[in-house]
Amino acid sequence: MHAMNRRTDRSDGTGADPRGARDTDVIVVGAGPTGLLLAGDLAEAGLGVTLLERRPAEISNLTRALVVHARTLEQLDARGLADELVAGGHPLTGLRLFGRATIDPTQLRSRFPFVLVTPQFEVERVLERRARRAGVTFRHDSEVLGLDQDAEGVTVRFRTAEGLGSVRAAYVVGTDGVRSTIREAVGLPFLGRSVVRSLVLADVRLAQEPDSPLTFDATGEAFALIASFGGGWYRVIGWNRHRQAADDAPADLDEVRELTRLALGSDYGMHDARWVSRFHSDERQVPSYRVGRVFLAGDAAHVHSPAGALGMNTGLQDAANLSWKLAAVLRGRAPDGLLDSYQTERHPVGKQALRSSGALIRIALLPTGPGHAVRALAAQLVNRVRPLSRRAVRTISGLGIAYPAGPGAHPLAGHRAPDFRLAGGSRLYELLRQGRFVLITPAGEPGVPQTPASGGDSPRPADDRVVTASWRSERRTALLVRPDGYIAWATDATAPAGRTAALRGAVAHWTGTEDGASIATALTPPAHAADTPAGR
């Protein structure tokens, strides 16, 4: 039984219990993809989770995200959700930028060497189903008014159709988007500026089907993206230099047709617009992802242009980084200081997403003439210079992200772990579905205690912190992989006695089986994003 099933939310408007009692372990505010993944992870770890969402349950989210990249698919695979999404989407083995430069994901060392075109609401659907099954308490139609935090916890005040209420938890995570109430409640500035005005968003039907499920180009006068939603519907996002208007100015199908003709050379016979809206795009990021017991993730922490389709993907990876750390702290296996590594590791990744997306959108916005020359040069470099092409695809896919490992660490430490094939026919990301560290050792080598599996060779957890497995190959490196799929520790040592002692010490250090404080000390250097030797 999950912890939430043993607790009751307060809704009497009286605020926190004077004794500091908590109604739940974690409050997540915002039921978009980031919040749903985070809440599901925490509930599957046996924690109590309340998810507050301003929208009524029957009203779906306005979804703009269209693409799921390889690293995000790996994170979803570690939760048993990726294959279902891939089956219902459109995998693309090539992504064209400006009609000339081609990003080739087939070179990625991943189970998902493609770009998946699928609407955000499909991602939300599978994540919400998982969260509900895990025991997350959903409170829709709940508008957050503010919060109060102290040394023992956080009380969130909200309003529903029935009146005012409050709920208290150990920690709060704001995943409530660009206009985050949680960000405002803790007083964090959203530093940055608007970069593109008068973007137009529409869902339409087409008389003529584009050559690809995802079509994008820019001319300097306009840019447009058309993506298939399935069922005959297409999402269009575009911009026209000659039609700049305020967000609340009306937009119609004629405007969408005009900008797609300017950018793509055709409007593909657009008709029957389901809806058309106008918005602007900002580049903004908070200086800190943590204020006391309150965290920000996804668009509440960072926002940028649609170029590169990085927004939803970066938010989901924020959630994957934070969830296992919150679980470790709340279950007494690590000190609160471990949570500071969320800022250390993820803030630089958010900054990189702003830079990558910003570079793409600025190239797209360059006016005709000089813009054409710059776009042509960029296309030649990406298409012809292999290291640059490889770096571009690893950056956009998220596979190139790495975290610091500290002085003296093995070169693999801090890098993403590929989906290694293991003895007994298992895969690493299948084992990560248990939400635990995974220790991989050479076949026949002692590791941490392990319970034999009945009826097969699949590894079983030695306890509820570590799953052990062996290489299928003759590889001699030992690895300890974090629950978010990054390598915590590795060794190539071959002397049996010293190697076994180091292995057991690393497991104790990282999982808190001997000294819970030690897990935080390994995650303190400044983070970076880099090309990863583990994924080559």
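Start by selecting Phe-420 and Trp-471: both are buried. This is a predicted model. The two rings form an edge-to-face aromatic pair, 5.0 Å centre to centre with 85° between the planes. Phe-420 lies in the loop between helix 10 (386-397) and helix 11 (428-431). Trp-471 lies in the loop between strand 22 (466-470) and strand 23, so the pair ties together parts 51 residues apart in sequence.

**The whole chain**

Zoom out. The protein chain has 13 helices and 24 strands. Of its 536 residues, 56% count as buried. Take the contacts with a separation of 6 or more: residues 24 or more positions apart account for 72% of them.

**Tyr-403 and Tyr-486**

How many aromatic pairs are there? The count comes to 10. For another of these, select Tyr-403 and Tyr-486. This pair is tilted, with 4.5 Å from centre to centre and 40° between the planes. Tyr-403 sits in the loop between helix 10 and helix 11, and Tyr-486 in the loop between strand 23 and strand 24, so the pair links parts that are 83 residues apart in sequence. Tyr-403 counts as buried, at 3% relative accessibility. Tyr-486 is buried too, with a relative accessible area of 2%.

**Asp-484**

Now select Asp-484, in the loop between strand 23 (478-481) and strand 24 (487-491). Is Asp-484 buried or exposed? The cut-off for buried is under 20% relative accessible area. Asp-484 has 1% relative accessibility, so it counts as buried. Show side chains and find Trp-324: its side chain makes a polar contact with that of Asp-484, at 3.3 Å. Leaving aside residues up to four places away in sequence, Asp-484 touches Arg-71, Gln-75, Ala-320, Asn-321, Trp-324 and Tyr-403.

**Charges over rings**

Select Tyr-171, Tyr-289, Phe-295 and Tyr-342. They form one aromatic cluster. Then go to Arg-132 and Phe-138. The charged end of Arg-132 sits over the Phe-138 ring, 3.9 Å from its centre.

**Helix 1**

Select residues 33-44, which make up helix 1. Helix 1 has 12 residues and reaches 16 Å from first C-alpha to last, close to the 16 Å expected at 1.5 Å a residue. Of its 12 residues, 11 are buried, so helix 1 is largely enclosed by the rest of the structure. Colour the buried ones: Pro-33, Thr-34, Gly-35, Leu-36, Leu-37, Leu-38, Ala-39, Gly-40, Asp-41, Leu-42 and Ala-43. An α-helix has 3.6 residues a turn, so residues three or four places apart point the same way. Step past the end of helix 1 to Gly-46, whose phi is positive, near 90°.

Finish in cartoon view. An open sheet of 6 strands runs in the order 14-15-16-13-17-20, with antiparallel pairing. Which strands stand at the edges? They are strand 14 (214-218) and strand 20 (302-303). Each has a single partner strand, so one side of each is left without a neighbour in the sheet. Select strand 14 together with strand 15 (residues 222-230): they pair in the antiparallel sense over 5 bridges. Within that pairing, Leu-214 stands opposite Ala-227 in strand 15.

How values were computed. Residues are numbered from 1 along each chain as its sequence is written. This is a predicted model: local features need pLDDT of at least 70, side-chain atom pairs count only at pLDDT 80 or more; totals for chains, interfaces and linings use all residues. Side-chain values use heavy atoms; hydrogens and water are left out. Two strands pair if DSSP finds at least two bridges between them. Helices (H or I, at least four residues) and strands (E, at least two) are DSSP runs, numbered from the N terminus. Buried means under 20% relative accessible area, exposed over 50%, partly exposed in between (1.4 Å probe, protein chains only). A polar contact is a pair of N or O atoms within 3.5 Å; within protein, one must be able to donate a hydrogen and the other to accept it, and residues adjacent in sequence count only if both atoms are side-chain atoms. Contact means heavy atoms within 4.5 Å. The expected span of a helix is 1.5 Å times one less than its number of residues. Rings of Phe, Tyr and Trp (its six-membered ring) pair if their centres lie within 6.5 Å; planes under 30 degrees apart count as stacked, over 60 as edge-to-face and the rest as tilted. A charge sits over a ring if NZ of Lys or CZ of Arg is within 6 Å of the ring centre and within 35 degrees of the ring normal.
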